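Work through the exercises below with the structure open. Try each task before reading its solution.

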Amino acid sequence: MAVAAKDVVSEVHESALVKHIKDTAALLGRPELYARWRLFVTSHAVLGPDAFLAAKNAVLDVPQWATWMEESYGPVPVELAVSGRVAVCGGCEQWIAPRADGLVRCRVWRCGQRHDLPGPVWVEAEGARRLEPELVRFVALPGHPELDLAQRLAARGARVVLYPKLDALDLVALWPDGYSVGVDVKDWHSPYLLARRIKTFPRWGRGSVRLPQGVSGRSTRPAAQQPQLPEDS
Ligand SMILES: [Zn+2]
């Protein structure tokens with residue numbers, strides 16, 4: 001059950017830094033800072049010296065912000081560079097560690113499946129910083145589909161709030177007519193195991209599990225039944 005173990009690990013993990021930022025943002029009464037940090041690291045894998053300085057100085061009234069950036073981005077290790085540059089995947093937008101034979105190919109499962117994967121973007125390695133591997137795995141990679149969904153909902157006229165209430169949900173989409181949807185994006189290999197793990201839904205009127213198109217098979221049946229929640233009283 002290697003897949004199950006992998007899914008569970010990524011689900012329960014929360015790094016010390018993530019917890020620290022969440023707690024500090026709560027303490028400061030600035031929960032939006034946590035969402036902002038999360039959004040930033042999800043969309044920036046490698047920062048050149050100027051971009052890193054700008055990132056550190058982005059929230060001057062909260063001195064902790066610069067420290068969070070220092071701890072989120074480390075110097076680019078020599079083994080990550082190919083001819084003085086770092087590759088950033090055109091699919092998941094994360095840095096790619098070259099293989100021993102020098103070949104640069106993203107190891108992210110979803111990117112490996114794509115036949116239309118765009119080529120990597122190359123960033124100068126000199127003086128650059130790269131997102132810490134732990135944050136790549138547990139924040140940025142899961143965050144990528146969340147941002148993608150947020151952009152699609154915004155394109156359909158919704159006001160989208162990411163990571164509301166310190167991560168109570170991944171996003172809330174609100175339409176001008178009052179209709180709203182709360183979404184928790186789960187990046188699990190097995191919908192069956194995910195469905196088994198969901199014990200309670202957040203209180204949100206009606207709840208359902210939605211699977212991406214093309215996800216099916218004998219093990220998905222319990223999730224595909226789309227359990228409904230009773231209406232909130
Ligand atoms: Zn990739």
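**Exercise 1. Find which residues of α2 and α3 meet, and describe the packing.**

Solution. The model is predicted, so treat every value as computed from it.
- Step 1: List the contacts. From α2, Ile21, Lys22, Ala25 and Ala26 meet Pro31, Leu33, Tyr34 and Trp37 of α3.
- Step 2: Seven are nonpolar, one is charged and none is polar.
- Step 3: Get the geometry. Helix α2 spans residues 16-27 and helix α3 residues 31-43. Their axes lie 6 Å apart, at an angle of about 150°.

**Exercise 2. Work out the strand order of the open three-stranded sheet, and say why β1 and β2 are its edges.**

Solution. 
- Step 1: Read the order. The strands run β1-β6-β2, with antiparallel pairing.
- Step 2: Count partners. β1 (46-47) and β2 (73-75) have a single partner strand each, so one side of each lacks a neighbour in the sheet.
- Step 3: Check one pairing. β2 and β6 (residues 129-131) are antiparallel and joined by three bridges.
- Step 4: Pick a residue pair. Proline 75 sits opposite arginine 129 of β6.
- Background: strands of a sheet pair through backbone hydrogen bonds, parallel or antiparallel.

**Exercise 3. Describe the largest nonpolar core and the surroundings of alanine 140.**

Solution. 
- Step 1: The core has 39 residues, and Val46, Val86, Ala128 and Ala140 touch the most other members.
- Step 2: Find the main contributor. Helix α7 (residues 133-155) supplies the largest share, six residues.
- Step 3: Check the domains. Domain 1 (2-135) and domain 2 (136-224) each give at least three residues to this core.
- Step 4: Look around alanine 140. Setting aside neighbours within four places in sequence, alanine 140 contacts Val41, Thr42, Ala45, Gln94, Leu131 and Leu135.

**Exercise 4. Summarise the whole chain.**

Solution. 
- Step 1: Count elements. There are 10 helices and nine strands.
- Step 2: Of 233 residues, 24% count as buried.
- Step 3: Among contacts with a separation of 6 or more, 61% join residues 24 or more positions apart.

Conventions:
Residues numbered from 1 in each chain as written. Predicted model: local features only at pLDDT ≥ 70, side-chain atom pairs only at ≥ 80, totals over all residues. Pairing = 2+ DSSP bridges. Helix = DSSP H or I, 4+ residues; strand = E, 2+ residues; numbered from the N terminus. Core = buried A, V, L, I, M, F, W, Y, C linked by C-beta atoms within 7 Å. Buried ≥ 20, exposed ≤ 12 C-beta atoms within 10 Å, placed from the backbone. Domains from an automatic or database assignment. Contact = placed C-beta atoms within 7 Å. Axes fitted to C-alpha atoms, helices over the stretch in contact; angles between N-to-C directions. Nonpolar A, V, L, I, M, F, W, Y, C, P; charged D, E, K, R; others polar.
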